[in-house]
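Hello,

Here is the structure I promised to hand over. Have a look at it first, and then read on for what turned up in it.

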Amino acid sequence: MVQIAPDPGESFPMHWAIRFAATLLPILYGLVSLAYVLTFFRNDPVARRVAPRALSTTLGLHVLYLGLLGLELRRIPIATSFESLSALALALGIAYLVQERRSGTPYTGLVFIPLVFLCQTVSSAFANPAVEVSPLLQSPLFGLHIATALLGYAAFAVSAIFGVLYVLLYHSLKGDRFGIIYERLPPLEVLGGMNLRAAGFGLVCLTLAILVGALWSVQVVPRFWTDPKVWLSLMAWVVYAACFVFRWARGWRGTRIAYFTIFGWLLIVFTMLAANRLFRSFHDFRL
Amino acid sequence: MTTATHMDPLAMLVIGTNHRQAPLDFREKLAFVPDEVPGFLLRVRTALDNGDVFMLSTCNRTELYAMHPDLDGAASRVRDLLLEYKAIDPDRDAQKFYEYRGRSAVEQLFRVAAGVDSQALGEVQILQQVKDAYEVSLQANALGVVGERLLAAAIRCGKRARAETAISAGAMSIGFAAVSLAHKVFGDFSSRTAVVLGAGETGALVARHLREHGIGHLLIVNRTPERAQRLAAELRGEALALAELDRALAAADFVISSTASPQPLIDVGRVRHAMRARQQRTFLLVDIGVPRDVEPAVRAIDNVFLHDVDGLQIMTQQTLARRRREVPKVERIVSQEVQHFIDWYHGMRAAPVIKELRGHLELLRDQEMERHTSHLAPEQRAAVEQVTRSLLNKLLHRPTHFLREASAQGESGLRRIEVARELFGLDQQPPSDDPDPDDSPGVR
């Protein structure tokens with residue numbers, strides 16, 4: 001649970017507001033997830049109407065929560081893994097909502113929103129902003145670096161989700177299976193387009209994150225290339241860049257691209273988890 | 001004494017026939033072309049003393065809805081007019097009609113609008129046909145307040161059924177299934193190119209479906225170029241000879257084929273060649289031809305989707321099964337909407353009864369005032385006038401409330417209204433000038 005020592009005086013109500021929002025957000029995301037589950041499996045008209053509105057409201061509360069947290073901590077609240085998870089949940093939620101508005105179909109919410117729920121629940125349960133963080137985070141370049149990196153990873157997650165949906169629909173169509181997957185998912189080419197565009201957007205963001213990060217690190221962490229997370233980010237960049245090179249040079253289409261983006265995302269998640277456990281990284285900003 | 005008007009909860013009936021009741025040749029005979037409808041509606045309306053009338057005539061049904069207090073007489077007149085107008089032998093074909101009255105007539109219309117009485121369960125066209133028929137009745141001045149309300153409620157019921165259930169989801173015909181498959185692969189058609197291979201009856205039907213769904217570019221390939229050109233001219237497409245098929249395959253996003261060719265026209269080599277030319281972009285082939293026009297092994301090529309008649313039939317059967325599962329949900333909506341309409345109708349009926357009751361008691365009061373106050377001075381007369389009016393208002397307060405409550409309680413409420421009518425003698429002539437003084441509510 002988000003724990004902040006109550007500061008006597010004026011910030012005390014803010015402290016309670018933050019604790020309240022941290023508790024409320026997983027509950028709200030859970031309810032929104034339920035609405036999307038009902039929308040997908042039962043095509044429930046009430047759930048279909050309520051789900052996007054409830055999601056918009058919850059995302060608004062989420063923005064407010066991170067804003068208050070930033071004010072309370074007097075820094076960007078994405079310094080630790082668990083804080084970043086909350087920002088990732090917000091980015092995923094917004095990306096999904098934009099996609100739903102554009103495509104007009106609410107059924108892919110079944111995959112996105114439970115993921116948002118999971119990220120925020122873990123963040124609310126384990127984030128501890130009371131920890132002291134490195135003064136390095138005062139640099140404005142850090143804000144740009146972390147924002148582009150988070151957007152990039154969120155975009156890769158979105159791309160992987162669309163990749164999975166593309167593969168599911170592809171095999172339904174190939175096998176003359178016209179069940180709930182066929183019924184509910186958006187058209188195959190729409191899924192393929194989202195899969196590719198999200199990967200492209202992620203690659204641009206990651207490129208920026210790496211460049212800005214390198215520029216900033218040269219000044220404050222001269223031996224930055226010894227950090228395993230730097231190498232992992234570069235590896236992710238190479239994987240996604242290769243995906244576009246193969247598409248352009250070898251005419252890769254459809255499932256090949258989809259599988260590549262799913263593989264890329266799994267690689268990022270597992271190697272990041274492993275790196276956190278096995279190596280000491282300067283990307284851990286706790287003091 | 002009660003009349004049919006008061007006992008029947010809804011003075012409404014429907015006489016008609018549909019695909020379950022009569023064979024096609026009879027339905028054809030009974031069908032009305034649009035130009036015939038207004039004139040016939042007016043004839044029926046005149047025969048029914050200006051009662052509301054509405055006609056729905058499609059390829060699968062002809063139904064005439066009518067409102068009249070005397071349902072027996074109205075049914076007989078409507079039936080006679082229909083038989084006479086369409087020169088139908090009553091002895092031979094009378095059993096090919098069905099007739100519903102009251103609530104059942106309303107249910108029939110609402111079920112039709114919701115698509116659950118259609119031959120193609122859940123079809124969407126019927127709702128538009130109900131709307132069109134409503135417009136025709138309105139323009140022919142054949143509908144009153146109740147009729148308009150009935151039709152508006154039926155259309156709302158049809159819309160709700162389609163919005164709140166999946167009764168119209170999916171494809172029911174092979175041609176529509178082919179088009180819906182292409183939608184599932186490509187989404188919006190406006191920037192897509194489709195090839196219709198074979199310009200026969202099925203090909204023409206599919207090509208029309210594609211044009212209606214806003215296909216960007218339509219290529220029609222046929223062994224006989226003239227036939228392709230005719231269809232292309234009608235649908236703003238481009239006609240190509242069979243020799244140009246490879247060019248068409250390279251340019252197209254999807255192909256729907258329905259030729260009578262005994263050999264497959266599209267084999268694996270041809271599709272592989274096309275895929276190279278189209279840089280491996282997604283390619284959909286829907287083969288409705290029997291014998292098949294596309295070699296089945298094409299299915300194994302990456303990013304190529306091949307569906308034949310068997311696959312499409314799986315789709316239509318699944319659609320039908322899914323739609324059947326939705327019927328109970330639609331029936332619930334129909335039931336709600338029918339009840340909603342009947343509640344409104346009963347509410348309408350309570351108001352005239354209240355007015356009649358007040359008028360009846362006012363008349364009694366006037367008569368008694370006339371009889372017993374002629375010898376009084378004007379001031380005394382005014383005082384008695386005031387007392388009796390006040391007393392009457394107080395006496396009427398409870399029955400008025402009772403009637404308003406009863407009007408909102410459906411069938412049982414209607415019976416209570418009937419009891420009230422009998423209790424206050426509203427169906428009887430006004431009392432004579434010499435009533436038994438003990439029965440008179442007047443002032444002595």
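This is a predicted model: local features need pLDDT of at least 70, side-chain atom pairs count only at pLDDT 80 or more; totals for chains, interfaces and linings use all residues.

Chain A is built from nine helices and zero strands, so its pattern along the sequence is simply α-α-α-α-α-α-α-α-α. It has 287 residues, and 52% of them are buried. Among the contacts in chain A with a separation of 6 or more, 77% are between residues 24 or more positions apart. The accessible surface of chain A is about 13600 Å², and carbon and sulfur atoms hold 71% of that area.

Chain B has both kinds of element, with 16 helices and ten strands. Of its 444 residues, 50% are buried. Residues 24 or more positions apart provide 74% of the chain B contacts that have a separation of 6 or more. Chain B exposes about 20900 Å², with 53% supplied by carbon and sulfur atoms.

Inside chain A

One place to look is where helix 4 (residues 109-126) of chain A meets helix 5 (residues 140-174) of chain A: their axes come within 10 Å and cross at roughly 145°. The crossing of these two helices is right-handed. On the helix 4 side, the contact is made by A:Val111, A:Phe112 and A:Leu115, and helix 5 brings A:Val158, A:Ile161, A:Phe162 and A:Leu165.

A:Ile27, A:Leu31 and A:Leu34 make a nonpolar surface patch of about 290 Å². Of these residues, A:Ile27 sits in helix 1 (residues 12-42) of chain A and is partly exposed, at 47% relative accessible area. A patch takes residues with over 30% relative accessible area, so A:Ile27 at 47% passes that cut-off.

Salt bridges

Over all chains, the count of salt bridges is 35. One of them is between the side chains of A:Asp176 and B:Arg299, at 3.7 Å from N to O. A:Asp176 is in the loop between helix 5 and helix 6 (180-184) of chain A, while B:Arg299 is in the loop between strand 9 and strand 10 of chain B, so this pair joins two chains. A:Asp176 is buried, with 13% relative accessible area, whereas B:Arg299 is partly exposed, with 25%.

Another pair is B:Glu84 and B:Arg43, whose closest N and O atoms are 3.4 Å apart. B:Glu84 is exposed at 55% relative accessible area, and B:Arg43 is partly exposed at 36%. There is also a network, in which salt bridges that share partners join B:Arg20, B:Arg61, B:Glu63, B:Arg111, B:Asp117 and B:Glu331.

Backbone details in chain B

Where is the cis peptide bond that joins B:Val290 to a proline? That proline is B:Pro291, and omega is about 0°. B:Pro291 lies in the loop between strand 9 (283-287) and strand 10 (304-308) of chain B.

Two residues in loops have a positive phi without being glycine. B:Asn141 has a phi of about 55°; this residue is in the loop between helix 7 (125-139) and helix 8 (145-164) of chain B and is exposed at 58% relative accessibility. B:Arg236 has a phi near 55°, lies in the loop between helix 11 (225-234) and strand 7 (238-241) of chain B, and is exposed at 62% relative accessibility.

Finally, find B:Arg324 in helix 14 (residues 309-372) of chain B. Its relative accessibility is 54%, so B:Arg324 counts as exposed.

Terms used
Residues are numbered from 1 along each chain as its sequence is written. Chains are lettered from A and ligands numbered from 1 in the order in which they are written. Side-chain values use heavy atoms; hydrogens and water are left out. Helices (H or I, at least four residues) and strands (E, at least two) are DSSP runs, numbered from the N terminus. Buried means under 20% relative accessible area, exposed over 50%, partly exposed in between (1.4 Å probe, protein chains only). Contact means heavy atoms within 4.5 Å. Accessible areas come from the Shrake-Rupley method with a 1.4 Å probe; for residues, only the protein chains shown count as cover. Patches are made of residues with over 30% relative accessible area and no salt bridge: like charges are joined within 9 Å, nonpolar side chains (Val, Leu, Ile, Met, Phe, Trp, Tyr) within 5 Å. A salt bridge is a side-chain nitrogen of Lys or Arg within 4 Å of a carboxyl oxygen of Asp or Glu. Axes are lines fitted to C-alpha atoms, for helices over the stretch in contact, and angles run from 0 to 180 degrees between N-to-C directions. A crossing is left-handed if the near helix is turned anticlockwise from the far one by less than a right angle, and right-handed if clockwise.
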